Amino acid sequence: MFLIAVIIASVCIGAVHISLPQFWSILTYHSGLSKEVLFSSQQTAVLFSLRLPRVLLGVIIGAALAISGASLQGLFRNPLAEPGLIGISSGATLFAALMIVFGGHLLSTIGSIYGYYALAVAAFIGAFVTTLTVYRMAMHQGKTVITALLLTGIAINALAFAFTGLLTYLSTDEQLRNITFWSLGSLGGASWVSFSSVLPFIALPLVGLPFMAKSLNAIALGEVQAGHMGIRVNRTKRTVIVLATMAVGASVAVAGIISFIGLVIPHILRMAFGSDNRLVLPGSALLGAAALTLADLISRTIVAPAELPIGIVTALGGSPVFIYMIFSQLKKQQL
Amino acid sequence: MISVQNVSYSAGKKQILNNVSFEVTSGEMLAVIGANGAGKSTLLKLLCREIHAASGNISLNDRDLVLYSIKELAQLRSVLTQHNTVSVMFTVKELVLMGRYPHFENHPSTNDIEVVNKVMNETGITHLAGRDYNTLSGGEQQRVHLARVIAQIYDCPNAFLFLDEPTNGLDLLYQQQILQLARNMADRGYTVISILHDINFASRYADQILILKNGETVAFGPPLEVINCDNIHQAFNIKVKLMDCEGFKCPLVIPSGILI
């Protein structure tokens, strides 16, 4: 419900304002339910070719980031495992940047659907390689070594940013603009083409990851213990890593690095409903979608006509909520 | 019934288990005792197929252990390991329900819920059902895990319960509660195998005792036969006195002290 309200609000609010009755009129007119025309053609154009793809892109990316954050946290047995924090997003960015600079002939048609596919695949490979590296470094006998996890994340982040920085020297002006866009994170590049090209890469994890919920619950007890309970631990690990990195890679490919969604959303759900992944995973997808849509709405209206990078909004909105949640949690435990 | 024949296991060049054989029938409880590094935990890992034996055979209910699918195995035996940590916040009831995971796909059946409630009742943790696991005391946490592994095989006849030092770090009351619950499982027809450190507890609760030293069997048999000064001295390298005590079927073992 909240998600639908946020979607409608986001679609309507912006430089070209569309009122609720007008929105309803557009909907009913185009679905053939009503012949009444309460809107201008400019409004229809804005709604269908600009706002709708952007909002939908926000919805699927928010869902993708939150659900992959939630499942990676389950896999690493650590609530700090967030795609941005442990370097997965920057690994994806690096590979996307490599693709932009060196894969020029492939991307000569950037903006076309194949260009986006190539980028999404590159980002996915980057995300996948990073996740495997981090996993190898941080897990010992089924236990996460938290310091190793965070240090690996920091090292990979630094390394990826350094290489991405190097790439900017090799790149042309247009390539540079593309790379900068990736490291800042924005939904500004949304179009029907970008939306439809990443949709399959995100839809698959969104459908598949909730099926891993039970196994991830068991892994919270330890990998050995999960094995004793009849969970195919290695298969679960592989599936979760592939699906989660696919979602993160696809998000990075079209929207760059958007932090905090993958960290805060699953936390909020765990604190509200407990840690059962059967609730947390689908819940994260819904709440993440709503949160990112809302953040995007704020980022493009609050300093209109300019646009605030969406990362600033997610951090500004996310961190106080996060800190408040931690405090209330601590209080509860002291009682 | 579990049958272990000439099982050996080595890690690298180090022989950890050497030609260990024993049999335990349904309704019996076996206690495995021995000094640190005797190979007890390795034996338990072999029994629950966490690792594979270099040679020898292990069979559960007359079927070779390696022939079971992972799901069949999960419905036939449950394992309480040492050092159970729970990485995120789960309630006690959710944890016990995890024991039923081998029995349902995505949603627990009414039978699963019923089993969970019964087991929580039997293990005396019903009043903790809604509590966050990480806020419990050590003894309560251990009972929650025991409830979880009992729930896993609750409605599976002829199943096996493997416990790795289940009384570690618990006070006397909790130690007895845990062992009594294990004993009850054996009395209901399950095969229970538990690694224990306390010889007196072992002889009091178990039907059979296996004494290991450096991967080899020192003795295997009922407590009255295997608990004697020689065996204990050989296995633990300590001198003990045996003392008969009224109401105990087996003499109590009392260390006579060592000089360091």
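Helices (H or I, at least four residues) and strands (E, at least two) are taken as DSSP runs and numbered from the N terminus. By this assignment, chain B has 9 helices and 12 strands. The structure is a predicted model, in which local features need pLDDT of at least 70 and side-chain atom pairs count only at pLDDT 80 or more, whereas totals for chains, interfaces and linings use all residues. Residues are numbered from 1 along each chain as its sequence is written, and chains are lettered from A and ligands numbered from 1 in the order in which they are written.

The C-alpha atoms of chain B fill a box of roughly 55 × 40 × 30 Å along the principal axes. Buried residues (20 or more other C-beta atoms within 10 Å of their own, with C-beta atoms placed from the backbone) account for 44% of the 260 residues in chain B. Two residues are in contact if their C-beta atoms, placed from the backbone, lie within 7 Å. Of the contacts in chain B between residues at least 6 apart in sequence, 63% join residues at least 24 apart.

Within chain B, helix α4 (residues 110–122) packs against helix α5 (residues 138–153) at an angle of about 135°, with the axes 9 Å apart. Axes are lines fitted to C-alpha atoms, for helices over the stretch in contact, and angles run from 0 to 180 degrees between N-to-C directions. In this contact, B:Val115, B:Val116, B:Val119 and B:Met120 of α4(B) meet B:Ala147, B:Ile150 and B:Ala151 of α5(B).

Between the chains, 22 residues of chain A are in contact with 24 residues of chain B. On the side of chain A that touches chain B, α9 (213–219) and α10 (223–228) of chain A each supply at least two residues, and α10(A) gives the most, with 4 residues.

Elsewhere in chain A, A:Ser284 lies in helix α13 (residues 277–301). A:Ser284 is buried, with 32 other C-beta atoms within 10 Å. Leaving aside neighbours within four places in sequence, A:Ser284 is in contact with A:Ala66, A:Ile67, A:Ala70, A:Ile265, A:Pro266 and A:Leu269. The C-alpha atoms of A:Ser284 and A:Arg238, 46 residues apart along the chain, are separated by 21 Å.

Technical notes: A residue is buried if 20 or more other C-beta atoms lie within 10 Å of its own, exposed if 12 or fewer, and partly exposed in between; C-beta atoms are placed from the backbone.
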